[in-house]
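The sequence and structure come first, and the description follows.

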Amino acid sequence: MCGIVAYLGHREAKPILLEGLKRLEYRGYDSAGIATVNGKLEVCRTVGRVSVLEDTLRKLPGFHGSIGLAHTRWATHGEVSERNAHPHRDDKRGIALIHNGTIENYAALKQYLREKGHVFTSETDTEVLAMLISELYDGDLEAAVQNALREVRGAYAIAVLCEKEQGVLVVARKGSPLIVGVGDREFVVASDASAIVAHTTQVFELDDYQVAKLSRDAKGETTFRTSTLDNVPVTPKIRQLEFELEQIELGSHETFMMKEICEQPRCLRMTLQGRVSEREGRIVLGGIAEHARELIRARQFVLTGQGTAYHAAMLGEYFLEDLAKVSAKTEYASELRYRNPVVVDNTVVIAVSQSGETADTLAALRELKERGALTLGVVNVVGSSISRETDAGVYLRVGPEIGVASTKAFTGQVMVLAMVSLYIARRRFMSMDTAGEMLGELSRVPELMERILEQSNHIRKVCEKYVDRENWLFLGRGYNYPVALEGALKLKEISYIHAEGMPAAEMKHGPIALINDGMPAVFVANKGPQYDKVMLNIEQVRSRGGRVIAVATEGDQEIKSYADDVFYVPPISDPLSPLLTVVPLQLLACHAAVLRGHDVDKPRNLAKSVTVE
Ligand code: M6R
């Protein structure tokens with residue numbers, strides 16, 4: 001969703017802001033804009049890619065100075081247009097503002113401001129906030145921002161500057177992500193670390209309802225002050241960013257999605273590192289150790305997330321019930337948050353999220369926390385809202401995920417959920433030997449994945465045969481039903497092909513009517529307890545003219561007489577099979593999108609991190 005970058009320091013702001021916006025492009029957006037101050041405030045906004053903004057700026061004089069803001073907008077209030085793009089401004093006081101989030105009471109505030117004589121030029125909630133700050137401005141931007149935000153309901157990460165205070169940048173947050181990078185006589189503020197890491201690795205985050213005033217004096221020295229909305233000083237914790245610039249660069253790959261699919265073995269080795277001992281059947285998860293007793297005694301686990309994270313959560317449910325023998329259920333966070341759920345004593349909620357900022361997941365988590373559940377996060381982004389608000393958690397450690405289609409985060413989530421389940425299982429009644437065997441298999445997943453990745457060319461060739469078909473089915477059973485859902489989601493989100501994932505046996509209860517001559521049906525048909533049943537389902541599709549693509553276990557020759565095309569995965573125990581069977585489906589989706597000529601990393605209408613409802 002919307003991307004924020006702001007700069008205050010000793011260098012020209014414009015190139016830093018534009019480079020920052022490019023780093024944030026992956027978040028998804030439809031328009032972009034920039035504001036700088038050098039004597040006077042200048043604002044430029046354009047519809048479309050950041051490159052359009054860059055081209056426009058090339059033709060304009062000005063836009064110099066070492067303070068500025070820039071933004072990529074993902075429309076929520078009002079159409080995609082230049083006048084709705086950020087920054088929004090109030091010319092009377094020379095104030096400019098960028099915002100990520102939604103102001104819920106904007107209509108009432110707008111009415112109040114209209115009565116005060118303000119004239120609005122956009123349909124956005126953000127312009128209302130810019131005007132409100134201007135209305136309350138009395139020579140002190142920090143105070144005006146604090147006072148304005150006390151009147152606001154909703155979510156925001158904002159950066160504000162004022163022509164009258166050219167050495168001051170004010171930023172604030174509630175609910176939406178914002179990081180402040182503290183460099184040598186400069187600050188770089190951004191929605192996420194990818195726009196900061198090239199400049200500094202020292203950062204701090206604000207808590208909800210906090211404001212930071214970043215200042216530069218006449219000598220160029222910088223200082224900052226953080227406070228609550230009531231102006232009570234707070235001291236943020238400065239931390240070191242834990243990733244390198246190369247991790248957010250393409251290297252030799254054509255797309256971030258392909259890069260991230262291919263780096264899964266390396267990333268999962270990081271997920272495992274120092275956490276499992278096969279010999280002792282032991283798992284060490286420092287992030288949940290303090291709550292081990294509550295986890296062992298839990299009566300029920302509720303797992304929640306959205307999209308790909310929801311599919312990983314489903315697997316977490318299966319692991320907990322099958323391996324740890326404890327009741328578990330999964331729910332979409334968007335449903336859970338409003339459903340008035342019953343939370344029995346000793347409930348543990350697990351929020352699964354790559355970004356740690358998904359608005360629905362965060363809200364569901366808060367709701368269940370209020371109702372007394374212990375909260376765990378299975379999150380990738382360190383310091384994100386979910387990781388900060390949960391009682392305990394386990395990080396994925398798969399590094400920044402830039403591709404909008406989540407891949408390495410999915411396998412990271414599944415691996416962490418398997419580890420958490422084994423952690424509990426071992427402490428309940430799983431023997432050391434059984435746990436040791438499973439941990440041994442888990443540790444071998446990265447090298448087994450490498451064998452699957454070698455089939456990428458074969459998968460592309462198979463994909464060429466079917467890529468013009470507009471309707472696909474993805475079918476699986478048991479542990480591979482969530483994989484079927486994930487395969488379908490991957491294909492639709494970047495190829496814009498209609499795909500449905502479902503339990504293989506469900507097909508004959510209706511969807512089988514869709515099958516016509518040549519329709520591709522992808523079956524996850526690895527050797528597992530339901531293998532024979534899946535073969536029956538394959539027959540049902542073939543006899544109606546469907547074309548079968550099977551994900552099968554190496555050595556299974558029989559499958560070739562059932563399927564038109566086969567992608568092989570190495571043998572592994574059934575619970576861990578999703579970590580392997582999903583990989584050919586990720587590759588299939590990525591190749592399909594490229595073959596159809598789509599921008600894999602910037603799919604239409606999608607945002608990487610969905611921070612609004
Ligand atoms: O950051 P999160 O994991 O919470 O995001 C949840 C979903 O928005 C996300 O998984 C989405 O479905 C991906 N685009 C799927 O590839």
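Thr411, Met415, Ala418, Met419, Leu422 and Arg426 of helix 14 meet Met432, Ala435, Met438, Leu439, Leu442, Val445 and Met449 of helix 15; contact means heavy atoms within 4.5 Å. By class, this contact of helix 14 with helix 15 has eleven nonpolar, one polar and one charged residues. Here Ala, Val, Leu, Ile, Met, Phe, Trp, Tyr, Cys and Pro count as nonpolar, Asp, Glu, Lys and Arg as charged, and the others, Gly among them, as polar.

The model is predicted: local features need pLDDT of at least 70 and side-chain atom pairs count only at pLDDT 80 or more, while totals for chains, interfaces and linings use all residues. Residues are numbered from 1 along each chain as its sequence is written, and side-chain values use heavy atoms, with hydrogens and water left out.

**Helices 14 and 15**

The axes of helix 14 (residues 408-428) and helix 15 (residues 432-453) come within 10 Å and cross at roughly 170 degrees. Axes are lines fitted to C-alpha atoms, for helices over the stretch in contact, and angles run from 0 to 180 degrees between N-to-C directions. Helices (H or I, at least four residues) and strands (E, at least two) are DSSP runs, numbered from the N terminus. The two helices, helix 14 and helix 15, are therefore roughly antiparallel to each other, a term for angles over 145 degrees.

Ala418 lies in helix 14. With 0% relative accessibility, Ala418 counts as buried, meaning under 20% relative accessible area with a 1.4 Å probe and protein chains only. Leaving aside neighbours within four places in sequence, Ala418 is in contact with Phe319, Leu442 and Leu576.

**Helix 10**

Phe319 is one of the buried residues of helix 10. Twelve of the 16 residues of helix 10 are buried. These buried residues pack against several elements, including strand 18 (300-305), helix 14 and helix 17 (481-495).

Seven strands form an open antiparallel sheet in the order 5-6-7-8-12-13-14; two strands pair if DSSP finds at least two bridges between them. Strand 5 (88-90) and strand 14 (233-234) are the edge strands, each pairing on one side only. Strand 6 (residues 95-100) and strand 7 (residues 156-162) pair in the antiparallel sense over six bridges, and Ile95 stands opposite Cys162 in strand 7. Two helices that pack on the sheet are listed below.

| Helix | Strands touched | Direction angle |
|---|---|---|
| Helix 4 (residues 125-136) | strand 5, strand 6, strand 7 | about 140 degrees with strand 6 |
| Helix 5 (residues 141-150) | strand 6, strand 7, strand 8, strand 12, strand 13 | about 145 degrees with strand 7 |

Conventions:
Angles under 35 degrees count as roughly parallel, over 145 as roughly antiparallel, 65 to 115 as roughly perpendicular and the rest as oblique. Buried means under 20% relative accessible area, exposed over 50%, partly exposed in between (1.4 Å probe, protein chains only).
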